[in-house]
Structures are given as structure tokens and as C-alpha cells.
Amino acid sequence: MFFGSLPGIFKGMWVTLGVTLACYLFAMVFGFVWVFLKRVPFKPFQWLVSFVLEFIRSTPPLVQLFFLFFGLPMVPYVGVSLSPITVAVLGLGVHFSTYISEIYRSGIESVDKGQWEASIALNMSVKDRWTKVILPQAIPPTIPMLGNYLIIMFKEVPLTSTVGVAGMLFMADRFGAKHWAYLEPYTLVAIFFLLLSYPSAVLIKKLENKLNRRFDKKNPTGANNVKKGVVVDG
């Protein structure tokens with residue numbers, strides 16, 4: 001019975017990994033959207049964006065998944081029914097994007113003020129200012145935190161089984177309901193999560209230690225070769 005559930009759970013593992021990757025990529029991209037929305041120079045709009053962010057963070061992701069899957073089709077004049085995978089990507093992606101946006105914000109704010117001033121003085125376009133000066137310095141120190149959120153999201157993806165995503169937990173539930181044996185499949189699911197998440201956590205910890213040696217507290221952006229007010233490549 002223990003190994004009888006293995007094929008289904010192994011199949012569900014790939015679904016879980018795929019959904020995790022899709023949710024994470026969506027969250028990383030949408031995290032930038034929140035950052036730029038909050039930088040719009042219009043106070044009422046900034047307040048609105050801040051309220052939406054706090055609302056999403058303060059609402060359990062399971063409730064958000066249920067709303068998208070069960071509630072959204074009943075909204076008047078909307079009535080959109082989404083597939084389980086779409087609900088998973090939108091629900092968890094948007095939820096975690098609100099946290100990732102704070103990581104981006106902290107990275108951007110760590111960039112020395114002189115870098116902003118120098119890019120403006122050099123008459124760089126907004127696009128070049130962000131892509132060539134600000135983001136290359138802001139993103140590397142945030143990589144360990146982004147990696148931690150990938151592991152957290154991987155462990156949150158089983159919530160999507162409640163809306164029909166055929167991941168590991170969904171396959172374990174189905175096997176248990178069919179054979180009236182839940183201990184074995186749930187134990188296998190726990191083992192799979194351990195085997196996948198623990199090595200990832202160790203790798204991220206090593207990456208964090210490596211980056212900490214490069215980006216020390218006195219110079220969080222790692223721009224040792226940047227003089228105040230002057231942008232230096234490399």
C-alpha cells in the first residue's frame with residue numbers, strides 16, 4: 001500500500017513543481033508592477049495601491065484561491081470561470097508578489113543616492129537609468145530573500161489541491177479516498193517535500209553567505225568601484 005501510491009504522487013510532483021515555477025515567475029514579474037505603481041507621483045493613487053497591497057497580504061491565500069475559483073464566476077457582469085491551474089498561478093502569484101515587491105523596494109532604496117544623481121546628470125533615459133544603473137545594483141543583494149520565497153511558495157502550492165490542481169497532495173487525497181488508506185500517501189508527500197525543499201534551502205543558505213561576503217553592511221549594493229556621483233561599469 002505504501003508503494004502503491006508512489007506512481008500517482010510522483011506524477012503529481014511534476015505538477016507541483018510546474019505550478020510552483022509558474023507562480024514564482026508571475027510573482028517576480030508582478031512584484032515590479034507593484035513597485036512602479038507605488039512610485040507614481042500622485043498621493044491618492046499611492047494610498048490606493050498601499051491599501052490593495054495590505055488587503056492582499058492580510059487575506060489568507062486559501063481564501064483568495066476560493067474566491068477566484070468559486071466566487072469569481074458568480075460576480076455580476078463578470079462570470080468568468082478559470083481553470084484550476086490559472087487560479088493557482090493568479091492566486092498565489094499575486095499574493096506572493098506583494099511580498100516580493102517589498103524585497104525589490106528594499107533593494108532599490110539601498111542604491112546610493114549618488115547613483116540616481118549621476119544617471120540624471122548624464123541625461124540617461126528612464127529605461128537606461130533603471131536597466132543599466134539601478135536594477136543591476138538593487139537585485140543581486142535580494143537574491144537570497146527571493147530564493148527563500150521560492151521555497152515558501154513551494155510549500156504553499158499544496159493549497160491549490162482544494163481547487164482541483166492535481167499536485168502531490170491532490171493525488172494523495174485521491175489515493176486515500178479510493179483505498180481508505182491515508183497514512184502512506186501523506187507520508188510519501190511529506191518525504192517528497194523534504195527531499196525537494198531541504199537541499200534547496202541549503203543551496204540558498206550557501207548563496208546567501210557568498211553574497212554577504214560580497215555585499216557587506218557598509219556597502220549593501222556591492223558597488224565598491226563606484227565613486228559618489230559617478231557611475232562606473234563593472
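Student: Which backbone oxygen does the side chain of Q46 reach?
Tutor: The side chain of Q46 reaches the backbone oxygen of V40, at 2.6 Å. Keep in mind that this is a predicted model.

Student: Where is Q46 found?
Tutor: Q46 is found in helix α2, which covers residues 43–58.

Student: Is Q46 buried or exposed?
Tutor: Q46 counts as buried because its relative accessibility is 17%, and the cut-off for buried is under 20%.

Student: And what does Q46 touch?
Tutor: Leaving out residues up to four places away in sequence, Q46 touches K38, R39, V40 and P41. V40 is also the residue whose backbone oxygen the Q46 side chain reaches.

Student: Let me step back. How many helices and strands are there in the protein?
Tutor: The count is 9 helices and 0 strands. Read from the N terminus, the elements run α-α-α-α-α-α-α-α-α.

Student: What percentage of the residues is buried?
Tutor: Buried residues make up 38% of the 234 residues.

Student: Now the inside. How many residues does the largest nonpolar core have?
Tutor: The largest nonpolar core has 30 residues, and I108, I134 and M153 have the most contacts inside it.

Student: Which elements give two or more residues to this core?
Tutor: They are α1 (6–38), α3 (61–71), α4 (84–109), α6 (126–138) and α7 (143–156). The largest share, 9 residues, comes from α4.

Student: Pick M153. What does it touch?
Tutor: With residues up to four places away in sequence left out, M153 touches T20, C23, Y24, A27, L92 and F96.

Student: How many residues are in the second core?
Tutor: The second core is separate and has 9 residues, including I9, F154, L188 and V189.

Student: Switching to rings. How many aromatic pairs are there?
Tutor: The count comes to 16 aromatic pairs. One of them is F10 with W14, an edge-to-face pair with 5.9 Å centre to centre and 90 degrees between the planes.

Student: How many residues apart are F10 and W14 in helix α1?
Tutor: F10 and W14 are 4 residues apart in helix α1, so about one helical turn separates them. F10 is partly exposed, with a relative accessible area of 40%. W14 is exposed, at 51%, and the cut-off for exposed is over 50%.

Student: Why is the pair of Y99 and Y149 stacked?
Tutor: The ring planes of Y99 and Y149 are at 25 degrees and the centres are 6.0 Å apart, so the pair is stacked. Planes count as stacked when they are under 30 degrees apart.

Student: Where in the chain do Y99 and Y149 sit?
Tutor: Y99 is in helix α4 and Y149 is in helix α7, 50 residues apart, and the pair links distant parts of the chain.

Student: What else sits over the ring of Y99?
Tutor: The charged end of R57 sits over the Y99 ring, 6.0 Å from its centre. Y99 is partly exposed, with a relative accessible area of 26%.

Student: Which residues form the aromatic cluster?
Tutor: F32, F36, Y104, W116 and W130 form one aromatic cluster.

Student: Last topic, contacts along the chain. What share comes from residues 24 or more positions apart?
Tutor: Among contacts with a separation of 6 or more, residues 24 or more positions apart account for 74%.

Student: How far apart are V19 and P158 in space?
Tutor: V19 and P158 are 9.9 Å apart, C-alpha to C-alpha, and 139 residues apart in sequence. V19 has its place in helix α1 and counts as buried, at 4% relative accessibility.

Student: What does V19 touch?
Tutor: Beyond residues up to four places away in sequence, V19 touches I85, A88, V157 and V165.

Student: And L62, in which helix is it found?
Tutor: L62 is found in helix α3, and it counts as partly exposed, at 29% relative accessibility. Leaving aside neighbours within four places in sequence, L62 is in contact with L159 and T162.

Technical notes: Residues numbered from 1 in each chain as written. Predicted model: local features only at pLDDT ≥ 70, side-chain atom pairs only at ≥ 80, totals over all residues. Heavy atoms only, no water. Buried < 20%, exposed > 50% of the residue type's maximum accessible area, 1.4 Å probe, protein only. Polar contact = N/O pair within 3.5 Å; in protein donor to acceptor, adjacent residues only side chain to side chain. Contact = heavy atoms within 4.5 Å. Core = buried A, V, L, I, M, F, W, Y, C linked by side-chain atoms within 4.5 Å. Phe/Tyr/Trp six-rings, centres within 6.5 Å; stacked < 30°, edge-to-face > 60°. Lys NZ or Arg CZ within 6 Å of the ring centre and 35° of its normal.
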